[in-house]
Amino acid sequence: MSIAFAMLTAIAVAQEPLMTKESFKNINLDQPGLEKVKKSVAAASYDLAAAELLHYYRDRTSVRHLNFNSDDYIQLKRKKIDETTKQLAEDILLHKFKPHKGYPTYDYGKEINWQYRPVKDQLLSTFLHRTAFWENLGVVYSNTSDERYALEWFFQVSDYIKKNKQGTYSDEKDYGWKAFVVSFRLNHWSGLFNLFLRSPNFTPAFLMEFLNSYNEQADYVMANYTDIGNHRLYEALHLMYAGSTFPELKNAKSWRGSGIEVLNAEIEKQVLPDGIQFELSPGYHIGTIKIFLDALRIAQLADIASEFPETYSRKVEKMVLAVGKYSFPNYEYPLFGNSFMTSKAQMLKNYKEWTTVFPDNKTIEYYATDGASGQKPNYLSSALPNAGFYAFRDGWDMNATVMQIKAGQPASFHSHPDNGNFVLWIKGRNFTPDAGSFIYANIGHHENEKRDWYRSTKAHQTLTLNNKNMENNARLINWETSDKIDMLNYINSSYNDLEHQRTFLFVDKNYFIIIDRAIGEGTGELDIHFNLKEDNQPVVDNAKNRVYTTYTDDNNLLIQSLNTSVSLKLEKSFVSYEYQKETARTAFAFEQLKPDNRTKSFITIIYPFAKQAPKIDLIENKDHDLDKGFLDISLVINGLKTTLKKDLTQ
């Protein structure tokens, strides 16, 4: 069936229009190497000119692409292609596409319907229009030289161009002609061009159709940049791909220059002084590092690296070092702000790439070699104060205790309303994973219930008033580290009528005390929310306001309220490590009523233990008055007494 369809596509490709002078309007015929093309155009031998241009591209060696080059088929022929890639390529022959890994393959029809939306997720449709899934065709073709894959790509590109012209669909600027999405086509098509360039079925007519469409799309992106955020960065990077891969096009220098200009400006706007990208998403932060470094590499390949100042690379180096501060010893990081789970293998790959750019940085080398060489960071607990990312840490190996906390500035795009949220990792176990995202796109202009829950404040480990979403706007009161106690103390304007002060104490590099103060006129139910890892059935002890895990490997955790005025209630909760995949997990809250404008407080202890949950008692000493911000308590833990005294107002 697929062979028969390939024959049909061959007929379709054969029915290509003749060349005209208009076909060459976007080509800089004065580009070195295009002398024969220019001569043929001048003689009105347009078919010959297109053939000469195709010959030029096949012989061209002066342009190198970051991902795929026309001579990569030599390596790809020797490479073993996995069965998944092969199957995806076979499916594409039948017009069954898998645009996004979070969804299955969908049949887009014999007469491809590029507007087909099999699920109500805008992201799936925008990924279709990015056309990254064609890479499977390119890789398998390069490996096998089977012309079915090349013919199908030529057919589908032409079909896409014909059916998705500007102005065809009323909502096209949300999908196929959204500048961000168009820019990804610039990226993917530039590499795919090289993978199929040596096919005997790559015709001069297809070349001209491709180049003229590509030119239109690049012009469109440059005229329709997103105003702000990582989308703008991607658009700039992809214009650099366009300008560098096709310097023969008249506007290539403008595209490339525009990308460089935007990236030079945006790195100053979007990267905070502590090195974190301003959307406050650990995953997207790593994505922006790749954008900035890919741009630098493209410039190096084009011999224009000097157009990026030295401050540019220094800033990216700071971004790389920030990753280690917000990560755990297994190289994972909290799923704050629409981040999804990474792997140690992927992060080691990232660090190895980063060492090639910053070979003299011994800390990056330490991460890249999993501690085998380089220099371990010379600190434990650390702050990224501009972002509001704080880490309590007692070591760097797999036996360490690490708590990652988010308490930052207002942020948009991928940031969630979750100041005060934390993730606690002990001896290789993430006890309190962030909920993640599950799905982060709306359905057109309509809200998505799942998206709303995962973004909600109540899905995170912080305080809510009447379970409403907070505003992120933290003001740091105090951050200090010492051998005895590390302390983070901040206040957040969570609601119009309520401020939330949260103080974390990391005591003896062993356990944690969290003091929450709800300050202001706001009234109603106050809840401190907690979420546990999905793979354990903990003990819920309502009588003692405590919950503790029951792992059998001597690595457990107790969370206990030390207030007498709170109640413990179970809550419904999920965690999503991958797009559109979720798992139910234990969650609970300590709750008390705030009936008037008086300050209400919570004291919570988070205590690691091996086999048996400790017995913990609280003694309020003479100067203890949380209404006024004075902490003066003694904790008796399994009979051992520790006194904690802090002025929380400073």
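The legends below describe views of a predicted protein model.

**View 1. Overall fold of the protein.** The predicted model holds 17 helices and 24 strands. Its radius of gyration is 29 Å, close to the 26 Å that the globule rule gives for 650 residues, so the protein is as compact as a globular protein of that length. The C-alpha trace spans about 100 × 50 × 45 Å along the principal axes. Of contacts between residues at least 6 apart in sequence, 65% join residues at least 24 apart.

**View 2. Surface and charge of the protein.** The accessible surface comes to about 27000 Å², and carbon and sulfur atoms contribute 49% of it. Of the 650 residues, 59% count as buried. There are 75 positive and 80 negative side chains, and the centres of these two sets lie 2 Å apart.

**View 3. Surroundings of Phe 246.** Phe 246 sits in the loop between α11 (230-245) and α12 (252-270). Its relative accessible area is 0%, so Phe 246 is buried. Beyond neighbours within four places in sequence, Phe 246 is in contact with Tyr 57, Arg 60, Ser 190, Phe 193, Phe 210, Leu 211, Tyr 214 and Ala 252.

**View 4. Phe 246 and Asp 617.** These two residues are 371 residues apart along the chain. A separation of 71 Å lies between the C-alpha atoms of Phe 246 and Asp 617.

Technical notes: Residues numbered from 1 in each chain as written. Predicted model: local features only at pLDDT ≥ 70, side-chain atom pairs only at ≥ 80, totals over all residues. Heavy atoms only, no water. Helix = DSSP H or I, 4+ residues; strand = E, 2+ residues; numbered from the N terminus. Rg over C-alpha atoms; globule rule 2.2 N^0.38 Å. Buried < 20%, exposed > 50% of the residue type's maximum accessible area, 1.4 Å probe, protein only. Contact = heavy atoms within 4.5 Å. Areas by Shrake-Rupley, 256 points an atom, 1.4 Å probe, with all protein chains shown as cover. Lys, Arg positive; Asp, Glu negative; His and termini not counted. Charge placed at Lys NZ, Arg CZ, Asp CG, Glu CD.
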